[in-house]
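Please look over the sequence and the three-dimensional view before reading on.

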Amino acid sequence: MLSAQTFGDPGKMKDYHYTGPVEHRFSPYAFNGGTVLAVAGDDFAIVASDTRLSEGYSIHSRDSPKCYKLTDTTVIGCSGFHGDCLTLTKIIDARLKMYKHSNNKTMTSGAIAAMLSTILYGRRFFPYYVYNIIGGLDEEGKGAVYSFDPVGSYQRDTYKAGGSASAMLQPLLDNQIGFKNMEGVQHVPLTKEKAVQLVKDVFISAAERDVYTGDALRICVITKKGIDEQTLPLRKD
Amino acid sequence: MALEDLCHFRDIFQEDITTERFSIASAISSQESPSAFPLPTNLPFTSSQTVPLPFPMAHGTTTLAFMFQGGVLAAADTRSSCSGLVACPASQKILPIHSHLVGTTSGTSADCMLWKRILARELRLYQLRHSRRLSTRGAAKLLSHMLHPFKGTELCVAATLCGWDGGELFYVCSDGTRLEGMLFSVGSGSPYAYSILDQGVRWGLTVEEATSVAREAVYRATHRDAYSGNFVDVFHITSKGWTRRKREDLKEEYYREKESD
């Protein structure tokens with residue numbers, strides 16, 4: 001998450017210097033922290049999140065995972081403001097049921113992504129403060145990751161990190177999965193075991209350097225057999 | 001689509017436009033279409049201030065389009081930046097609307113993506129109701145009028161519509177501008193792109209020459225503008241529709257140039 005320094009006067013940390021009289025307004029938003037990650041492979045997808053729920057300097061909960069199962073082949077990870085995450089997932093669940101009843105089939109990952117984009121844009125002038133990443137299998141059985149911004153812009157990726165430690169994790173994923181900025185390396189396709197190990201390592205690093213990430217890691221591995229969940233402890237400090 | 005499957009609807013507009021009329025009234029059943037897209041038609045609750053956002057929006061780009069004897073060429077970079085962080089290095093800024101119309105996007109990426117989707121839906125409905133495609137001029141006017149209720153809000157869409165039939169290149173902006181022209185460049189990198197284009201674009205260019213001018217303009221703009229970069233996409237629109245050139249990594253071009261120095 002970008003610090004206050006980047007928005008305010010550079011060289012003066014807004015929280016520690018007197019910058020003039022400030023009017024404090026009620027803000028309907030709060031930042032509850034958390035990091036979400038999704039990786040797509042040839043026949044699998046992984047969605048992982050930490051389980052810490054924080055606000056300011058406090059931790060509200062150490063067991064609040066940010067991955068939500070939508071269908072048998074799709075999992076969504078939502079981080080940002082927890083209140084909006086809960087409401088958004090309720091709305092998505094309701095729309096999934098409505099689709100199922102009207103069309104007699106389950107929504108595909110691509111369709112859920114397109115629908116989520118319109119749900120988010122419907123609140124263009126009072127947005128949901130949620131960074132979403134959808135991971136799942138597409139109609140052909142290949143892994144798919146769709147990443148969103150808070151107002152509904154989305155696209156399909158191979159890997160994406162979102163949330164408080166996203167700026168730290170994304171370059172690492174670019175290098176390890178996308179083979180960016182490396183010369184003369186063989187591009188080997190990612191296996192499921194290697195991807196899971198990479199996700200674990202990456203979250204351990206994120207917990208070291210980001211205060212809002214830690215406590216435990218929840219990994220959901222989506223294959224055509226179903227969704228397999230594992231939990232791993234992380235730093236609690 | 002589920003409704004299409006149920007009605008066994010055959011889409012005649014996938015092929016080239018034919019002049020014969022086709023009655024599609026029989027194909028459409030009496031069922032209601034799925035729930036409409038929740039368009040944000042309500043204006044913000046106060047006219048002066050909206051809720052201050054705790055996050056920055058994605059902005060900043062270089063896009064360009066021009067007309068020449070071989071059709072219309074559109075090019076854009078692929079960097080989507082968010083106040084200092086590159087949110088996406090491989091976003092798509094040139095979005096096809098239908099087989100003969102392509103729109104470049106600049107401004108807030110969410111606004112551009114969604115409004116293009118709405119425009120594509122409205123053009124498709126027009127096509128189904130009137131058995132012919134709406135012209136590019138008409139599409140530009142439609143987009144401009146759809147954006148008008150949001151004038152004064154923080155919506156930021158600056159698109160150039162590049163199409164084939166009737167009036168080919170239009171620039172539409174969310175502040176109300178709608179212009180027809182032969183050459184447009186939009187975005188934070190546009191001054192740099194204009195300098196290359198003003199020097200290199202003539203009516204009589206071949207397709208290869210035009211592609212290389214467009215690519216060069218985007219490359220120079222990405223070199224000088226911090227908010228543009230990564231790859232370049234080039235689309236070419238002719239009477240047969242749009243074709244897309246393979247996305248090119250500008251990092252390679254930069255190193256190629258360095259080596260030849």
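**A helix of chain A**

The model described here is predicted. Helix H3 of chain A comprises residues 109-121. How far apart are its end C-alpha atoms? They are 18 Å apart, and this agrees with the 18 Å that 13 residues should span at 1.5 Å a residue. The helix is mostly covered, since eleven of its 13 residues are buried. The buried residues of H3(A) include A:Ser109, A:Ile112, A:Met115, A:Leu116, A:Ile119 and A:Tyr121. In general, an α-helix has 3.6 residues a turn, so residues three or four places apart point the same way.

**Residue A:Thr74**

A:Thr74 belongs to strand E6 of chain A, which covers residues 74-80. Two residues of H3(A), A:Ser109 and A:Ile112, are buried, and A:Thr74 is in contact with both A:Ser109 and A:Ile112. Beyond its neighbours within four places in sequence, A:Thr74 also meets A:Lys69, A:Ile134, A:Gly135, A:Gly136 and A:Ile227. Its side chain forms a polar contact with the side chain of A:Thr71 at 3.1 Å.

**Residue B:Thr61**

In chain B, an unreviewed UniProt entry lists B:Thr61 under "active site". B:Thr61 is located in the loop that joins helix H1 (2-7) to strand E1 (63-68). Which side chain does that of B:Thr61 meet in a polar contact? The partner is the side chain of B:Asp77, at 3.0 Å. When residues up to four places away in sequence are not counted, B:Thr61 touches, among others, B:Lys93, B:Thr105, B:Ser106, B:Gly187, B:Asp225 and B:Tyr227.

**Residue B:Gly229**

B:Gly229 occupies the loop between helix H5 (207-224) and strand E11 (231-238) of chain B. B:Asp77, which B:Thr61 touches, is also in contact with B:Gly229. The C-alpha atoms of B:Gly229 and B:Ser80 are separated by 8.8 Å, although the two residues are 149 residues apart along the chain.

| Residue | Relative accessible area | Class |
|---|---|---|
| A:Thr74 | 0% | buried |
| B:Thr61 | 2% | buried |
| B:Gly229 | 4% | buried |

A:Thr74 is therefore buried at 0%, B:Thr61 at 2% and B:Gly229 at 4%.

Methods
Residues numbered from 1 in each chain as written. Chains lettered and ligands numbered in written order. Predicted model: local features only at pLDDT ≥ 70, side-chain atom pairs only at ≥ 80, totals over all residues. Heavy atoms only, no water. Helix = DSSP H or I, 4+ residues; strand = E, 2+ residues; numbered from the N terminus. Expected span 1.5 Å × (residues − 1). Buried < 20%, exposed > 50% of the residue type's maximum accessible area, 1.4 Å probe, protein only. UniProt positions renumbered as here; feature names shortened; annotations may be inferred. Contact = heavy atoms within 4.5 Å. Polar contact = N/O pair within 3.5 Å; in protein donor to acceptor, adjacent residues only side chain to side chain.
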